[in-house]
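Colleague: I am new to this one, and I would like to learn how to read it. Could you take me through it step by step?

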Amino acid sequence: YTYFGLERRIPEEGEEVALAERAAAMPAAVELIPAPENTKELGSKTHFAAGMAILFIFLTVQFGVLGLLEERTNGTMARLLAAPISRRSIVAGKALTSFILGIVSMVVLVVGSTLLLGAEWGNSWGVAILVLAAVIAAMGVMFVVAALARTPEQAGNLQSIIAFVLAMLGGCFFPIAQAGGLLETVSLITPHAWFLRALGELGAAGTVSSVFPAALYIALFGLVTGGLAQLRIGKVLAP
């Protein structure tokens, strides 16, 4: 009826049926294909939960390492140095505090987002490996901040800036991979992008081995940054 209305004429006998048959025989302009279940793209709930988790892990680990600066500011560093313990033990103790805080907070976030938001993290062992690597990366960055900052307040502010910049570049707030181009390439510098990418690989493959390339990069990121920080951390271990 629309066709003949536009033509402004009355259809002849049998013309309506013929026109309908011709329209039915034409190929569809758009074809909807169901997405495969093993897609590497994270769902919105999982992406948001994972992005916020690795963002906050970079904020949580600071409470242990910042203890080094607080000890020096409060004047208790001299007592620690006078005690029969090595300087490495002091650093290791603060690092262990950050490590435990990071692991506990990540476990809470993973379990909470699964139960409350319906996030699908994938294989538990694969997630555990990625969580461990993410905590190491966050600790490495925090050690760099502690080695460069002069006060706990300065270190806290600097750590927050670094955490949010890395999170934005890494795609924690929106899927950076969809932007493509240079932005996607730059995002691969951050451990956040590799963390989210590994979760996508884990969801698609379902095997623990699928997370190892990304987990190795994330852990190496933390080991390199933490190793560089050790060159200057000695200035913190002073009264």
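**Reading the helices and their contacts**

Modeller: Buried means under 20% relative accessible area, exposed means over 50%, and partly exposed is in between, using a 1.4 Å probe and protein chains only. This is a predicted model, in which local features need pLDDT of at least 70 and side-chain atom pairs count only at pLDDT 80 or more, while totals for chains, interfaces and linings use all residues. Residues are numbered from 1 along each chain as its sequence is written, and side-chain values use heavy atoms, with hydrogens and water left out.

Colleague: Where does Ser 98 lie, and which residues is Ser 98 in contact with, leaving aside neighbours within four places in sequence?

Modeller: Contact means heavy atoms within 4.5 Å. Ser 98 is part of helix H6. With neighbours within four places in sequence set aside, Ser 98 is in contact with Val 61, Gly 64, Val 65 and Met 139.

Colleague: How many helices and strands are there in the protein?

Modeller: Helices (H or I, at least four residues) and strands (E, at least two) are DSSP runs, numbered from the N terminus. The protein has eleven helices and zero strands, and its pattern along the sequence reads α-α-α-α-α-α-α-α-α-α-α. Of its 239 residues, 38% count as buried. Among contacts between residues at least 6 apart in sequence, 77% join residues at least 24 apart.

Colleague: How do I read the packing of two helices? At what angle do H4 and H7 pack?

Modeller: Axes are lines fitted to C-alpha atoms, for helices over the stretch in contact, and angles run from 0 to 180 degrees between N-to-C directions. Angles under 35 degrees count as roughly parallel, over 145 as roughly antiparallel, 65 to 115 as roughly perpendicular, and the rest as oblique. Helix H4 (residues 62–74) packs with helix H7 (residues 124–148) at an angle of about 20°, and their axes are 10 Å apart. H4 is therefore roughly parallel to H7. On the H4 side the contact is made by Gln 62, Val 65, Leu 66, Leu 68 and Leu 69, and on the H7 side by Met 142, Phe 143 and Ala 146.

Colleague: How do the residues of the contact of H4 with H7 divide into nonpolar, polar and charged?

Modeller: Ala, Val, Leu, Ile, Met, Phe, Trp, Tyr, Cys and Pro count as nonpolar, Asp, Glu, Lys and Arg as charged, and the others, Gly among them, as polar. In the contact of H4 with H7, seven are nonpolar, one is polar and none is charged.

Colleague: At what angle do H7 and H10 cross?

Modeller: The axes of H7 and helix H10 (residues 191–205) cross at roughly 180° and come within 11 Å. H7 is therefore roughly antiparallel to H10. H7 brings Gly 126, Val 127, Leu 130, Val 131, Ala 134 and Ala 137 to this contact, and H10 brings Pro 191, Phe 195, Ala 198, Leu 199 and Leu 202. By class, ten of these residues are nonpolar, one is polar and none is charged.

Colleague: And which residues of H8 and H10 meet?

Modeller: Helix H8 (residues 152–170) and H10 have axes that come within 7 Å and cross at roughly 45°, so H8 is oblique to H10. Ala 163, Leu 166, Ala 167 and Gly 170 in H8 meet His 192, Ala 193 and Leu 196 in H10.

Colleague: What about charged pairs: how many salt bridges does a search of the whole structure find?

Modeller: A salt bridge is a side-chain nitrogen of Lys or Arg within 4 Å of a carboxyl oxygen of Asp or Glu. The search finds one. The side chains of Glu 71 and Lys 94 form a salt bridge at 3.2 Å, N to O. Glu 71 is in helix H4 and Lys 94 is in helix H6 (residues 87–117), 23 residues apart, so the pair links distant parts of the chain. Both Glu 71 and Lys 94 are buried.

Colleague: Last one: where is Leu 42, and which residues does Leu 42 touch?

Modeller: Leu 42 is in the loop between helix H2 (15–25) and helix H3 (44–60). Not counting residues up to four places away in sequence, Leu 42 touches His 47, Leu 196, Leu 199 and Gly 200. Leu 42 and Leu 196 are 154 residues apart in sequence, with 8.0 Å from C-alpha to C-alpha.
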